[in-house]
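Me: Hi! I've got a structure open and would like to talk through how it is put together. Can you take a look with me?

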Amino acid sequence: MAQDDLPSVEAARVSTTPDRARLILDLSAVTEYAVASIADPNRIVVDVRAGSVPTIATQPVAGQGIVASFTTTIAGDDRVRVELTLTTPSIVQQAYLLDAVADQPARLVVDLVTTTPEDFAARAAADLANSIDRVVPDAVASAEPVAPSSEPSPAPSSEAVAEAPAAAPVTEVPASSRPLIVLDPGHGGVDNGASSPSGIHEKDITLAFALQLRDLLVASGKFDVALTRDDDTYLTLNERVDLARQNKADLLISLHADTFQEADIRGASIYTRDERAADILDKVLSAGETRADVVAGYAPSDAQPAVVDILVELMRRQVRQQAYLAAGDIVKAMEPSVTLRRFPVRQADFFVLQAPDIPSMLIELGFMSNAADIKNLESQQWRDKVVTAVASGVEGYFEAVRAAQ
């Protein structure tokens, strides 16, 4: 591939705490990447197939923790390298690509968590052994995307990025056998959502809940998890649905905590799509996509429009059923310890539930208009309890799905 045809790394940033760190690379287009562990000193290296990067320098990180600093360099004609200097042994917990949406560029997100010195040393030794034939001895040894995991596993063994054969750009979250859960913290940026009398905003409650739920789901080793936003960013409803659809999510969970004019209404509930809702499929589909695109791979390319319409409707019925079953499993897990509304599984015409090919639900965590719910929503102890219940329900649903296959 000519260098002019390669994507570019447009920006790089790292945030860190004593237990976690996150690298985000803004890209002009999705591309291939690889990671490796390097010892003496301990570092994590991320190689990206790209032709340019705006800053070649050592850069500070946001916060203090497991990453001290990072550098971005041109490592070859078709490679940009990001090197993270560690303060404590750490591993890549998950890494995933996101397509560009509206004014948000394509991104590579790499999450790190701490590990034992022994585990890091073993990984570094394996990566070094895989790269001994390289001109640069500490080059990245893996050309394969990293699947999220909280458990130590052998280092990948494959060709280095610079020597890997050309491949089509990756356009979705790296494939794995794990279901992909997309968490959608409601509101964000200029949209505060509902607010409590003390000034706590719905956008902050939903984000904190989503981050904690993501960590618990990933730690189980059974799921890949992506967030529509992981900071105080505003996204349109279209962008939220598109992120889930572009990444072929197995479940979309949107999180909210709204208000109601009757202050005595309280408790959690889960909404799935109302089968009687007006058909707004055309609003959900991205520009230029047709109904035939939705069922691509399920219908012959020359299928008649009437056949395609039938297949789309069958798909949507199946997706609605899957969402309803998942909501039921989550409610069942919440019932013993979480205050729920009467008839907690409900149907509504929320836009984020309209994806025709993604089982989707909206969880109302509680009401910012009710004093008891406000107290819960602002309580870390309550959040721990609810996050655990939701994660347990998600796990129960997918166990049933696997058992039925």
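Me: What does H8 lie across?
Reply: Helix H8 (residues 380-404) lies across S10, S12 and S15, and runs at about 160° to S12. Such angles run from 0 to 180 degrees between N-to-C directions, with axes fitted as lines to C-alpha atoms, for helices over the stretch in contact. Helices (H or I, at least four residues) and strands (E, at least two) are DSSP runs, numbered from the N terminus.

Me: Before we go on, what kind of model is this?
Reply: It is a predicted model: local features need pLDDT of at least 70, side-chain atom pairs count only at pLDDT 80 or more, and totals for chains, interfaces and linings use all residues. Residues are numbered from 1 along each chain as its sequence is written, and side-chain values use heavy atoms, with hydrogens and water left out.

Me: Thanks! In what order do the strands of the open sheet come?
Reply: The order is S11-S10-S12-S15-S13-S14, six strands with mixed pairing. S11 and S14 are the edge strands, each pairing on one side only. On average, neighbouring strands of this sheet are turned by 20° against each other, direction ignored.

Me: And which helix packs on it, touching S10, S11 and S12?
Reply: That is H2, and its direction makes about 165° with that of S10.

Me: How do S10 and S12 run, parallel or antiparallel?
Reply: They run parallel, joined by five bridges. Pro185, for example, stands opposite Leu255 in S12. Two strands count as paired if DSSP finds at least two bridges between them.

Me: What about S13, which strands does it pair with?
Reply: S13 pairs with strand S14 (residues 340-348) in the parallel sense over five bridges, and with S15 in the antiparallel sense over three bridges. On the S14 side, Arg273 stands opposite Ala348. On the S15 side, Ile270 has Ile363 as its bridge partner.

Me: Is S13 enclosed or open to solvent, and how many of its residues are buried?
Reply: Six of the six residues of S13 are buried, so the strand is largely enclosed by the rest of the structure. Buried means under 20% relative accessible area, exposed over 50%, and partly exposed in between (1.4 Å probe, protein chains only).

Me: Which residues touch the most other members in the largest nonpolar core?
Reply: Ile181, Ile253, Met334, Met361, Val390 and Val394 do, out of 38 residues in that core. H8 gives the largest share, nine residues. A nonpolar core here is a set of buried Ala, Val, Leu, Ile, Met, Phe, Trp, Tyr and Cys residues joined through side-chain atoms within 4.5 Å.

Me: Why would side chains like that sit together?
Reply: In soluble globular proteins, nonpolar side chains tend to be buried together.

Me: What is Ile181 in contact with?
Reply: Leaving aside neighbours within four places in sequence, the contacts of Ile181 include Leu217, Phe223, Val225, Ile253, Val394 and Phe398. Contact means heavy atoms within 4.5 Å. Apart from this core lies another, of 32 residues, among them Val14, Val30, Val35 and Leu112.

Me: Switching topic: how many salt bridges are there?
Reply: There are 18, where a salt bridge is a side-chain nitrogen of Lys or Arg within 4 Å of a carboxyl oxygen of Asp or Glu. In one of them, Asp215 meets Arg20 at 3.6 Å, N to O. Asp215 lies in helix H2 (residues 202-219) and Arg20 in strand S2 (residues 20-27), so this pair ties together parts that are 195 residues apart in sequence.

Me: What about Lys222, which residue is its partner?
Reply: Lys222 forms a salt bridge with Glu399, the closest N and O atoms being 3.7 Å apart. Lys222 is in the loop between H2 and strand S11 (224-227) and Glu399 in H8, so the pair ties together parts that are 177 residues apart in sequence. Lys222 is partly exposed at 30% relative accessibility, and Glu399 is partly exposed at 39%.
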